[in-house]
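User: I'd like to learn how to read salt bridges in a model. Can you walk me through it?

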Amino acid sequence: MNIKPLADRVLIKPAAAEEKTLGGIIIPDSAKEKPLKGEVVAVGSGTKDEEMIVKNGDTVLYGKYAGTEIELEGESYLIMRQSDILAII
């Protein structure tokens, strides 16, 4: 991938939405919820006030409406500020 986020921005590849419930019921596309976790693909260099804590390869949790959806090379990604990330798992 040839993209480098600026300042305290992070590029995330969202995890795939669940296909089945624990009970085995298949979830239709119209009822699937937007995933709230993903893998960090690229990070910016940070700012003078904020050091970058997340790094490439981290799996993170983020808010439901966090970030901006973008499409690169046929893949869907989210770009957001590091402060929009809730936790590293």
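Analyst: Let's go through the salt bridges one by one. Keep in mind that this is a predicted model. The general idea is a distance check: a side-chain nitrogen of Lys or Arg within 4 Å of a carboxyl oxygen of Asp or Glu.

User: How many salt bridges does that rule give here?

Analyst: The count is four.

User: Which residues pair up with Asp 8?

Analyst: Arg 9 is one partner, with the closest N and O atoms 3.8 Å apart. Arg 81 is another, and there the closest N and O atoms are 2.8 Å apart.

User: What about Glu 75, which residue does its side chain meet?

Analyst: Glu 75 meets Lys 13 in a salt bridge, at 2.6 Å from N to O. Glu 75 lies in strand S5 and Lys 13 in strand S1, so this pair ties together parts 62 residues apart in sequence. Both ends are partly exposed: Glu 75 has 33% relative accessibility, Lys 13 has 31%.

User: And which residues do shared partners join into one network?

Analyst: Those would be Asp 8, Arg 9 and Arg 81.

How values were computed. Residues are numbered from 1 along each chain as its sequence is written. This is a predicted model: local features need pLDDT of at least 70, side-chain atom pairs count only at pLDDT 80 or more; totals for chains, interfaces and linings use all residues. Side-chain values use heavy atoms; hydrogens and water are left out. Helices (H or I, at least four residues) and strands (E, at least two) are DSSP runs, numbered from the N terminus. Buried means under 20% relative accessible area, exposed over 50%, partly exposed in between (1.4 Å probe, protein chains only).
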